[in-house]
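Please read the following with the sequence and the model side by side. The text moves from one element to the next.

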Amino acid sequence: MRIEVKNLTKKYGKVVALDNVSLVIEHGMYGLLGPNGAGKTTLMRIMATTLQPTEGTVLYDDYDVTRHQYEIRKIIGYLPQDFRAFEGVRVRDFLEYVAILKQLPPRSIKNAIADVLDMTNLSDRAKTKIHELSGGMKQRLGIAQAFLGDPEVIIVDEPTAGLDPEERTRFRNLLAEISMGKTVILSTHIVSDIEDSCYRLSVLDHGKILYSGGLQGLIDVSAGKVWEKTLPQAEYERFKARYHVLTTKVTETGVTVRFISDEQLPGATAVDPSLEYGYMCKISQTGKGARHNAHKPAVSM
Ligand SMILES: Nc1ncnc2c1ncn2[C@@H]1O[C@H](COP(=O)(O)OP(=O)(O)O)[C@@H](O)[C@H]1O
Ligand SMILES: [Mg+2]
């Protein structure tokens with residue numbers, strides 16, 4: 001299955017949520033990384049046929065999201081960002097409801113539900129009411145419903161939001177395991193969600209694609225661009241106004257900052273390139289993205 005996002009633009013009134021986005025996704029797990037407001041959910045909703053583009057389209061081989069919603073819905077599974085299952089409903093009943101919506105053949109529903117419960121390790125929870133599940137279990141149920149009917153393509157929008165670090169790791173492993181042989185598109189604002197599981201990714205900010213390619217390519221973006229330097233506290237404010245500071249640590253001798261700069265400053269040492277820093281370098285180029293709340297430098301005092 002070849003998925004092609006082609007010159008996609010989405011406007012909500014005057015807000016341009018996606019601005020001429022193009023990318024190709026072929027197989028395996030594909031990451032879509034971007035800060036809040038980047039346009040990730042808009043892109044995923046268009047891909048899942050729940051929102052119409054303003055211009056451009058998405059193709060699944062020859063199926064087009066503007067014309068073949070019905071056919072496309074049969075080959076994709078979708079976990080929306082705001083997935084809130086019906087709280088008072090039991091796990092099995094909820095899955096049955098989704099299976100009917102997906103128009104699975106009635107005779108296959110029982111086995112299909114057993115398969116996805118087993119896959120997500122929820123078999124012993126079939127009769128539990130959804131509000132009694134933990135956060136991690138609810139997200140697993142979200143995955144279970146997306147996988148019902150064994151679709152070729154799975155679209156998951158920020159599935160790790162709201163999970164604690166341990167649940168997040170477990171969830172990532174589960175997703176990587178069950179996505180073998182499928183195409184999975186995973187959106188997130190958390191770099192480490194993508195680091196271990198995705199082979200290729202795109203960086204999206206302000207509705208524009210800033211990078212598409214392999215992980216190493218994005219790591220390389222930060223080579224020779226991120227530096228560390230210790231300053232007297234009194235100089236910190238002025239420094240911060242001038243350079244894009246990524247992290248700040250207050251020590252006995254002053255303030256140790258990591259920052260982006262095209263050239264080395266006196267007293268600065270190079271920081272090893274990483275995916276996180278490559279991402280920071282990319283989104284800092286769009287200016288506003290760099291000042292976005294989600295990317296305020298972490299200050300530890
Ligand atoms: N229904 C809507 N009406 C108006 N603006 C919207 C709507 N949905 C999203 N937006 C705006 O579009 C932009 C992209 O939002 P979204 O796709 O939700 O980004 P992300 O998922 O990356 O946080 C944001 O500026 C957001 O405020
Ligand atoms: Mg979103």
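How many of the ten residues of helix H10 (residues 275-284) are buried? Eight of them are, so to be described as mostly covered is the result of a count: a residue is buried if 20 or more other C-beta atoms lie within 10 Å of its own, exposed if 12 or fewer, and partly exposed in between, with C-beta atoms placed from the backbone. The buried residues of H10 are Leu275, Tyr277, Gly278, Tyr279, Met280, Cys281, Lys282 and Ile283. Helices (H or I, at least four residues) and strands (E, at least two) are DSSP runs, numbered from the N terminus.

This is a predicted model, in which local features need pLDDT of at least 70, side-chain atom pairs count only at pLDDT 80 or more, and totals for chains, interfaces and linings use all residues. Residues are numbered from 1 along each chain as its sequence is written, while chains are lettered from A and ligands numbered from 1 in the order in which they are written.

Turn next to the open sheet of four strands, whose order is S2-S1-S4-S5 with antiparallel pairing. Strands S2 (15-25) and S5 (63-64) stand at the edges with a single partner strand each, so one side of each has no neighbour in the sheet. Two strands count as paired if DSSP finds at least two bridges between them. Strand S1 (residues 3-12) is joined to strand S4 (residues 55-60) by five bridges, and the two run antiparallel. Within this pairing, Glu4 stands opposite Leu59 in S4, and the bridge partner of Ile3 in S4 is Tyr60. Helix H1 (residues 40-47) packs on this sheet and touches S1, S2 and S4; its direction makes about 60° with that of S2. Contact here requires C-beta atoms, placed from the backbone, within 7 Å. Axes are lines fitted to C-alpha atoms, for helices over the stretch in contact, and angles run from 0 to 180 degrees between N-to-C directions.

S4 and S5 are joined by two bridges and run antiparallel. In S5, Leu59 has Asp64 as its bridge partner. The two strands form a hairpin with two residues between them, and Asp61 in the turn has a positive phi of about 50°.

Strand S8 (residues 183-188) has six of its six residues buried, so the rest of the structure largely encloses it. Thr183, Ile185 and Ser187 are buried on one side, and Val184, Leu186 and Thr188 on the other. S8 pairs in parallel with strand S3 (residues 28-33) over six bridges, and with strand S7 (residues 153-157) over five bridges, also in the parallel sense. Tyr30 has Ile185 as its bridge partner in S8, and Ile155 also stands opposite Ile185.

Ile185 itself is buried, with 24 other C-beta atoms within 10 Å. Not counting residues up to four places away in sequence, Ile185 touches Ile25, Tyr30, Leu32, Met47 and Ile155. Ile185 and Met47 are 138 residues apart in sequence but 9.9 Å apart in space, C-alpha to C-alpha.

The residues around it include Tyr12, Val15, Gly34, Lys40, Thr41 and Thr42, each with its C-beta atom, placed from the backbone, within 6 Å. H1 gives the largest share of this shell, three residues.

How values were computed: Two residues are in contact if their C-beta atoms, placed from the backbone, lie within 7 Å.
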